[in-house]
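Biologist: I am new to this protein and would like to go through it by question and answer. Please show the structure before we start.

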Amino acid sequence: MPSIPIHLPHFRICATSLSSGYIRIHAVAKKKMAACPDCNTPSSRVHSYYLRKPRDLPFSDQRVCLQLRVRRFRCLLDRCRRVTFAERFPDFLPFRARRTNRFTSALRHIAFALGGKAGARLACKLAMPTSGDTLIRIILATTLPTCNKPYADILCCRCR
């Protein structure tokens with residue numbers, strides 16, 4: 001299969017494969033070290049590996065399933081309560097998330113434009129199948145921007 005022009009921050013793409021409507025992208029983390037989330041001590045001592053399979057934006061009308069080989073590190077600080085920890089990629093893939101940030105962002109735009117069921121129908125047509133309930137959960141989890149001025153200050157003198 002030819003190479004796919006896709007950018008995965010913090011990862012090196014090892015292989016790609018096409019199977020039953022999915023593009024599977026196998027990648028490994030590039031960083032040599034990770035910091036413990038509790039004590040913030042950097043560690044390069046690898047404990048083990050595990051596979052994360054988040055969904056990403058579709059490519060050429062094909063669903064994309066990432067297969068990311070993520071490392072678990074040992075915390076080097078003796079008094080830290082966390083013995084092992086997994087490396088994290090908050091700007092790309094939140095902790096324990098099943099979707100990348102960019103995939104969730106695309107679903108958020110669909111959810112705010114169309115809502116639950118209609119948004120789910122459009123997302124399915126765009127090779128991003130999801131449920132209407134998931135779109136509603138994405139809406140509810142979104143923090144809205146705050147306004148600096150109260151609404152009364154925006155009104156003109158005649159409207160008050």
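**Contacts and layout**

Modeller: This is a predicted model. Leaving out residues up to four places away in sequence, aspartate 56 touches Ile6, Leu8, Val64, Leu66, Thr100, Arg102 and Phe103.

Biologist: Is aspartate 56 buried or exposed?

Modeller: Aspartate 56 sits in strand 6, which spans residues 55-59. Its relative accessible area is 3%, and residues under 20% count as buried. Aspartate 56 is therefore buried.

Biologist: With which side chain does the side chain of aspartate 56 make a polar contact?

Modeller: The residues touched by aspartate 56 include Thr100, Arg102 and Phe103. A polar contact of 2.6 Å joins the side chain of aspartate 56 to that of arginine 102. The name asked for is arginine 102.

Biologist: How far apart in space are asparagine 101 and aspartate 56?

Modeller: Asparagine 101 lies in helix 1, residues 101-114, whereas aspartate 56 belongs to strand 6. The two are 45 residues apart in sequence. From C-alpha to C-alpha, the distance between asparagine 101 and aspartate 56 is 8.4 Å.

Biologist: Which backbone oxygens lie 3.1 Å from a polar atom of the side chain of asparagine 101?

Modeller: Not counting residues up to four places away in sequence, asparagine 101 touches Pro90, Asp91, Phe92, Leu93 and Pro94. One backbone oxygen at 3.1 Å from a polar atom of its side chain belongs to proline 90. Another at 3.1 Å belongs to aspartate 91.

Biologist: What pattern does the protein follow along the sequence?

Modeller: The protein has 4 helices and 8 strands. Read along the sequence, the pattern is β-β-β-β-β-β-β-β-α-α-α-α.

Biologist: In which sense do strand 1 and strand 2 pair?

Modeller: Strand 1, residues 11-19, and strand 2 form a hairpin with 2 residues between them. Serine 20 in the turn has a positive phi of about 45°. Alanine 15 stands opposite histidine 26 in strand 2. Over 8 bridges, the sense of the pairing is antiparallel.

Biologist: Which residue in strand 7 is the bridge partner of isoleucine 25?

Modeller: Strand 2 also pairs with strand 7, in the parallel sense and over 7 bridges. In strand 7, the bridge partner of isoleucine 25 is leucine 66.

Biologist: Which elements give two or more residues to the largest nonpolar core?

Modeller: The largest nonpolar core has 13 residues, and Leu8, Phe11, Ile25, Leu66, Leu68, Phe89 and Phe92 touch the most other members. The elements giving two or more residues to this core are strand 2 (22-29) and strand 7 (62-74).

Biologist: How many residues are in the other core?

Modeller: The other core lies apart from the largest one. Among its members are Phe103, Leu107, Ala120 and Ile138. The number of residues in it is 9.

Biologist: Within what arc do the buried residues of helix 2 fall?

Modeller: In helix 2, residues 117-125, the buried residues are Gly119, Ala120 and Ala123. Seen down the axis of helix 2, they line one face, because they fall within an arc of 100°.

Biologist: Which exposed residues are on the face of helix 2 turned away from its buried side?

Modeller: The buried residues of helix 2 pack against helix 1 and helix 3. The face turned away from that buried side carries the exposed residues Lys117, Arg121 and Lys125.

Biologist: What arc do the buried residues of helix 3 cover?

Modeller: The buried residues of helix 3 are Gly132, Thr134, Leu135 and Ile138. They are on the same side of helix 3, because around the axis they cover an arc of only 160°.

Biologist: Which residues are exposed on the other side of helix 3?

Modeller: What covers the buried residues of helix 3 includes helix 1 and helix 2. On the other side of helix 3, the exposed residues are Asp133, Arg137, Leu140 and Ala141.

Biologist: What percentage of the residues of the protein count as buried?

Modeller: The protein has 160 residues. Its accessible surface comes to about 10,600 Å², of which 54% belongs to carbon and sulfur atoms. The share of residues that count as buried is 32%.

Terms used:
Residues are numbered from 1 along each chain as its sequence is written. This is a predicted model: local features need pLDDT of at least 70, side-chain atom pairs count only at pLDDT 80 or more; totals for chains, interfaces and linings use all residues. Side-chain values use heavy atoms; hydrogens and water are left out. A nonpolar core is a set of buried Ala, Val, Leu, Ile, Met, Phe, Trp, Tyr and Cys residues joined through side-chain atoms within 4.5 Å. Buried means under 20% relative accessible area, exposed over 50%, partly exposed in between (1.4 Å probe, protein chains only). Two strands pair if DSSP finds at least two bridges between them. Contact means heavy atoms within 4.5 Å. A polar contact is a pair of N or O atoms within 3.5 Å; within protein, one must be able to donate a hydrogen and the other to accept it, and residues adjacent in sequence count only if both atoms are side-chain atoms. Accessible areas come from the Shrake-Rupley method with a 1.4 Å probe; for residues, only the protein chains shown count as cover. The arc is that of the directions from the helix axis to the C-beta atoms.
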